[in-house]
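I opened this entry to keep track of what I looked up in one protein model.

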Amino acid sequence: MDLIIGKGPLLSERTTLRLGGRALAEISVGSEAGLDRLAGELARLGGRPLVLGWGSNLLAKDGELDLLLVRPQFEQGPEVVGEVQGKILVRCGAGVRLPLLLGWAARHGLSGLEGLAGIPGSVGGAVAMNAGSYGVSFCQAMTRARIWTPERGLVWLAPDGYDCAYRHFKPLSQGKSGLFIVTEVELVLTSGTSEAVRSAMRANLARKKASQPITLATAGCVYKNPEGNSAGRLLDQAGFRGRRLGGMGFSELHANFLANYGGGTAGQALELLEEAWAKVLDLFGVSLELEVKVVG
């Protein structure tokens with residue numbers, strides 16, 4: 001795939017929270033030649049670019065949105081490409097779904113990603129948010145990321161070329177536009193047994209199913225955990241577990257998950273988030289920081 005421009009879809013059709021109005025256009029890009037054309041097409045179309053994988057960490061606003069959805073389609077791999085100090089070097093396209101990468105790793109007995117079991121989205125999204133759970137984050141396993149920016153084109157970045165922290169990733173040479181697209185990653189994994197990797201993934205997935213509403217339409221955790229504390233615990237103590245407004249509500253299972261129970265709107269979601277933030281600040285003096293990205 002080079003570069004394909006289509007009509008703007010509803011963000012409710014592109015996000016796991018099932019919210020959001022209509023974008024201006026949707027651009028699918030899956031080759032270096034397509035990236036070479038991308039900056040010019042963005043300038044021609046106008047609007048604000050939003051790089052979108054599987055939409056698992058987004059809360060899109062209602063109405064007509066001045067957004068250009070950029071959909072990376074780099075789906076090569078995963079594949080073993082070498083060894084580094086006795087560990088296995090794996091290369092994977094950013095458009096590959098994260099569950100597919102984990103399934104591949106389990107089949108090949110490659111360890112290091114087990115804590116990510118049950119997290120939806122794409123590999124590129126896992127980089128952009130430094131996805132993680134149970135003490136494992138994606139950037140911990142990543143040795144290089146191939147990044148495109150309008151200013152520099154395609155470059156491979158080692159860890160000294162990007163800033164990676166809790167639910168945070170940013171190229172240090174991002175450029176004035178602030179726009180970047182992850183196209184490919186290299187990971188270092190440990191060789192083990194397929195059964196051991198599968199067992200760890202099954203245990204983590206079972207733990208998630210027991211404590212998180214993974215079958216509902218959510219965007220994952222909506223607030224970051226404050227240092228030394230739990231956003232879910234604070235929201236629970238503030239009385240927001242199960243709190244509803246229209247079609248939106250905080251989950252009965254985990255208070256830090258906002259779910260669309262059907263017919264919800266972004267307005268309802270934002271109102272609930274604002275109410276929860278203010279209540280936690282009032283009761284505990286903690287200013288919660290959003291983990292979900294609000295767009296539009």
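My notes on the model follow.

**Basis.** I am working with a predicted model, in which local features need pLDDT of at least 70 and side-chain atom pairs count only at pLDDT 80 or more, while totals for chains, interfaces and linings use all residues. I number residues from 1 along each chain as its sequence is written, and side-chain values use heavy atoms, with hydrogens and water left out.

**Overall fold.** I looked up the secondary structure and found seven helices and 20 strands in the protein chain, where helices (H or I, at least four residues) and strands (E, at least two) are DSSP runs numbered from the N terminus. The radius of gyration is 19 Å, close to the 19 Å from the globule rule for 296 residues, so the chain is as compact as a globular protein of that length; the radius is taken over C-alpha atoms, and the rule is 2.2 Å times the number of residues to the power 0.38. Along the principal axes, the C-alpha atoms fill a box of roughly 50 × 50 × 30 Å.

I then checked burial, and 48% of the 296 residues count as buried, meaning under 20% relative accessible area, with exposed over 50% and partly exposed in between (1.4 Å probe, protein chains only). For contacts (heavy atoms within 4.5 Å), I noted that 63% of those between residues at least 6 apart in sequence join residues at least 24 apart.

**Cysteines.** Which cysteines form a disulfide? I found cysteine 139 paired with cysteine 164, their sulfur atoms 2.1 Å apart, where the criterion is a pair of cysteine sulfur atoms within 2.5 Å. The link has 80 degrees about the S-S bond and is right-handed. Cysteine 139 lies in helix α4 (residues 138–141) and cysteine 164 in strand β13 (residues 162–165), so the bond ties together parts that are 25 residues apart in sequence. Cysteine 139 counts as buried at 11% relative accessibility, whereas cysteine 164 is partly exposed at 26%.

Cysteine 92 is in no disulfide, and its nearest cysteine sulfur, that of cysteine 139, is 14 Å away; cysteine 92 is buried at 1% relative accessibility. For cysteine 221, I noted that the closest cysteine sulfur, again in cysteine 139, is 18 Å away, too far for a bond, and that cysteine 221 is partly exposed, with a relative accessible area of 22%.

**Helix α2.** In this helix (residues 98–107), I listed the buried residues as Leu98, Leu101, Leu102, Trp104, Ala105 and Ala106. Glycine 109 follows α2 and has a positive phi, near 65 degrees.

**Two loop positions.** Is leucine 52 buried or exposed? Leucine 52, in the loop between β3 (48–51) and β4 (58–60), is buried, with a relative accessible area of 1%. Leaving out residues up to four places away in sequence, I found that leucine 52 touches Leu11, Arg14, Leu58, Leu69, Val70, Arg71 and Pro72.

Threonine 265 sits in the loop between β19 (257–260) and α7 (266–284) and counts as partly exposed at 27% relative accessibility. With the neighbours up to four places away in sequence again not counted, threonine 265 touches Leu19, Asp62 and Met248. I also noted that threonine 265 and glycine 246 are 19 residues apart in sequence and 8.1 Å apart in space, C-alpha to C-alpha.
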